[in-house]
Amino acid sequence: ERMPAGAVTDPGNLFGAANFDKEATSHGVRPISGCEVYTTRGSRHDREGNGERPNHLILLCENDEGYRNLCRLVTRMKMRAPKGEGALTLADLEGHTTGLVALAGRELLGFEKYGIGGLIDPLIGIFGRGNVYVELQRHLLRDQETENRTLIDLAGAFHVPFLAANGVRFADPIERPLFDVLTCIHHKTDLA
């Protein structure tokens, strides 16, 4: 079946947005711009957030204002941070969420960081209930089905919708070796 719309959410940047927009439009697919940003309870200049791993948060643009806000947030995330690092605090998001939709998945299960309700409660407060979605993924990983069930229950408890998504990294299996090389570069290691 034909896919009416699609989104590209590059990690920490919007580098692929222009090419994706052009290609999707040429194939009759409505492009949705977005980005995977990182949030932390620590300083926005410390992606490790005082020793904690940052949360991944997908932001999708609903309109031009959302795109402008996303560009501001990505710029803020990158400012004064070393290349490939940087994170946003939840306070950084305040006032810059109009036109944006937030998708969060496994990060919502970190109840110990944010108390009862975890991260979903502050996200609803910042983005509004209609602009927060719980993201479910299925990669055949151990415990993923249990996590998905918990996420579905969390979405129900907070009256927000859930959706199926996927962390796609390449379009065709033949592209896997290139992805492996880029992953090694990112982690400063070798293929072995």
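Visitor: Why is L191 called exposed?

Guide: L191 has a relative accessible area of 60%. The label "exposed" is for values over 50%, while under 20% is buried and anything in between is partly exposed (1.4 Å probe, protein chains only). So 60% puts L191 in the exposed class. Before we go on: this is a predicted model, where local features need pLDDT of at least 70, side-chain atom pairs count only at pLDDT 80 or more, and totals for chains, interfaces and linings use all residues. Residues are numbered from 1 along each chain as its sequence is written, and side-chain values use heavy atoms, with hydrogens and water left out.

Visitor: Where does L191 sit?

Guide: L191 is in the segment after α7 (176-186). Helices here are DSSP runs of H or I with at least four residues, strands are E runs of at least two, and both are numbered from the N terminus. The protein has seven helices and six strands, in the order β-α-β-β-α-α-β-α-α-β-α-β-α.

Visitor: What makes the nonpolar patch with L191 a patch?

Guide: Patch members need over 30% relative accessible area and no salt bridge; nonpolar side chains (Val, Leu, Ile, Met, Phe, Trp, Tyr) are joined within 5 Å, like charges within 9 Å. L178, V181, L182, I185 and L191 form such a patch on the surface, with about 500 Å² of accessible area together. Areas come from Shrake-Rupley with a 1.4 Å probe, and for residues only the protein chains shown count as cover.

Visitor: Why is the pair F170 and F179 called tilted?

Guide: Phe, Tyr and Trp rings (six-membered ring for Trp) pair if their centres lie within 6.5 Å; planes under 30 degrees apart are stacked, over 60 edge-to-face, the rest tilted. F170 and F179 have their centres 5.6 Å apart, so they pair, and the 50° between the planes makes them tilted. A search of the whole structure finds one aromatic pair. F170 is partly exposed at 27%, and F179 is partly exposed at 25%.

Visitor: How do you know that E145 and R138 form a salt bridge?

Guide: The rule wants a side-chain nitrogen of Lys or Arg within 4 Å of a carboxyl oxygen of Asp or Glu. E145 and R138 meet at 2.8 Å, N to O, so they qualify. R138 is exposed at 57%, whereas E145 is partly exposed at 44%.

Visitor: Which residues is L108 in contact with?

Guide: Contact means heavy atoms within 4.5 Å. Leaving aside neighbours within four places in sequence, the partners of L108 are G118, L119, I120, L123, V134, L151 and L154.
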